[in-house]
Amino acid sequence: MSTDDVLQTFVAEARELLLGMEDSLLALERDPRDGEAISATFRAIHTIKGSAGLFSLDQLVAFAHVAETLLDLVRDGRVAVDGDLIALLLECSDYLGFLINQIAGEEVADADAQEARRPALLARLQACIASSGAPSASQAEIPRQAPPSAAPAAGEVADPVHNDAWHISLRFGPEVLKNG
């Protein structure tokens with residue numbers, strides 16, 4: 001299986017997850033306290049984010065991280081589900097679908113207009129996060145470690161991180177799936 005095949009599998013699975021997320025959001029419209037629908041929505045974003053990280057799709061990872069942070073607050077009962085939140089999350093699902101279509105190499109109508117939505121969506125997600133009293137989710141790209149030649153002096157920190165989040169990135173060689 002080639003890297004392109006694996007990426008296409010990611011695209012197909014991400015699309016399925018987004019469809020499931022939309023179904024869960026519509027279920028939340030009927031019953032905002034539906035714990036399974038909340039969990040399913042979180043799992044969809046979480047899985048897309050994690051899988052995208054395997055391919056170093058940093059723009060998708062960074063956006064999904066902010067949405068995931070909000071959904072974690074919803075799961076904890078710190079942000080209430082209402083029509084505005086559901087509408088926002090549906091818009092986020094549409095934006096993630098746009099990113100996935102780009103990854104798939106598909107022609108996207110109004111790509112510039114779609115990309116222009118990103119800052120407003122992130123601002124709205126951050127506003128919801130802030131309303132819970134939780135610290136805002138990082139919108140920055142995944143932090144990069146300093147090269148070994150730039151080692152910090154004694155007592156200095158090489159790459160300060162201002163939250164407790166971890167990012168683990170795996171880069172597999174072309175033969176990784178050869179032996180199952």
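Me: What is a nonpolar core?
Reply: In this predicted model, the term refers to buried residues of the kinds Ala, Val, Leu, Ile, Met, Phe, Trp, Tyr and Cys. They belong to one core when they are joined through side-chain atoms within 4.5 Å. Buried here means under 20% relative accessible area.

Me: In the largest nonpolar core, which residues touch the most other members?
Reply: The largest nonpolar core has 45 residues. Helices α1 (3-30), α2 (35-54), α3 (58-75), α4 (83-103) and α5 (111-131) each supply at least two of its residues. In soluble globular proteins, nonpolar side chains tend to be buried together. The residues that touch the most other members are Leu60, Phe63, Leu70, Leu96 and Leu125.

Me: Which residues does Leu96 touch, not counting those up to four places away in sequence?
Reply: Leu96 is one of the core residues that touch the most other members. With residues up to four places away in sequence left out, Leu96 touches Leu18, Ile45, Leu60, Phe63 and Ala64.

Me: Is Ala14 buried or exposed?
Reply: Ala14 sits in helix α1, and its contacts include Ile48 and Ile100 when residues up to four places away in sequence are not counted. Its relative accessibility is 2%, and the cut-off for buried is under 20%. Ala14 therefore counts as buried.

Me: How many disulfides does a search of the whole structure find?
Reply: A disulfide needs two cysteine sulfur atoms within 2.5 Å. The cysteine sulfur closest to that of Cys92 belongs to Cys128 and is 9.0 Å away, so the two are too far apart for a bond. Cys128 is in no disulfide either. The number found in the whole structure is zero.

Me: Which parts of the structure does the salt bridge between Arg15 and Glu106 tie together?
Reply: The closest N and O atoms of Arg15 and Glu106 are 2.7 Å apart, and the cut-off for a salt bridge is 4 Å. Arg15 is partly exposed at 31% relative accessible area, and Glu106 is partly exposed at 38%. The two residues are 91 residues apart in sequence, so the pair ties together helix α1 and the loop between α4 and α5.

Me: Are Lys49 and Glu68 buried or exposed?
Reply: Their side chains meet in a salt bridge, at 2.6 Å from N to O. Lys49 lies in helix α2 and Glu68 in helix α3, so the bridge ties together parts that are 19 residues apart in sequence. Lys49 has a relative accessible area of 18% and Glu68 has 7%. Since the cut-off is under 20%, both residues count as buried.

Me: Which residue forms a salt bridge with Glu91?
Reply: Glu91 lies in helix α4, and its partner lies in helix α5, 33 residues apart from it in sequence. Glu91 is partly exposed, at 27% relative accessibility. The closest N and O atoms of the pair are 3.1 Å apart. The partner is Arg124.

Me: What is the accessible area of the nonpolar surface patch that includes Leu54?
Reply: Leu54 is in helix α2 and counts as partly exposed, at 38% relative accessibility. Leu54 forms the patch together with Ile168, Leu170, Phe172, Val176 and Leu177. Their accessible area together is about 580 Å².

How values were computed: Residues numbered from 1 in each chain as written. Predicted model: local features only at pLDDT ≥ 70, side-chain atom pairs only at ≥ 80, totals over all residues. Heavy atoms only, no water. Buried < 20%, exposed > 50% of the residue type's maximum accessible area, 1.4 Å probe, protein only. Helix = DSSP H or I, 4+ residues; strand = E, 2+ residues; numbered from the N terminus. Contact = heavy atoms within 4.5 Å. Patch = residues over 30% accessible without salt bridge, like charges linked within 9 Å, V, L, I, M, F, W, Y side chains within 5 Å. Areas by Shrake-Rupley, 256 points an atom, 1.4 Å probe, with all protein chains shown as cover.
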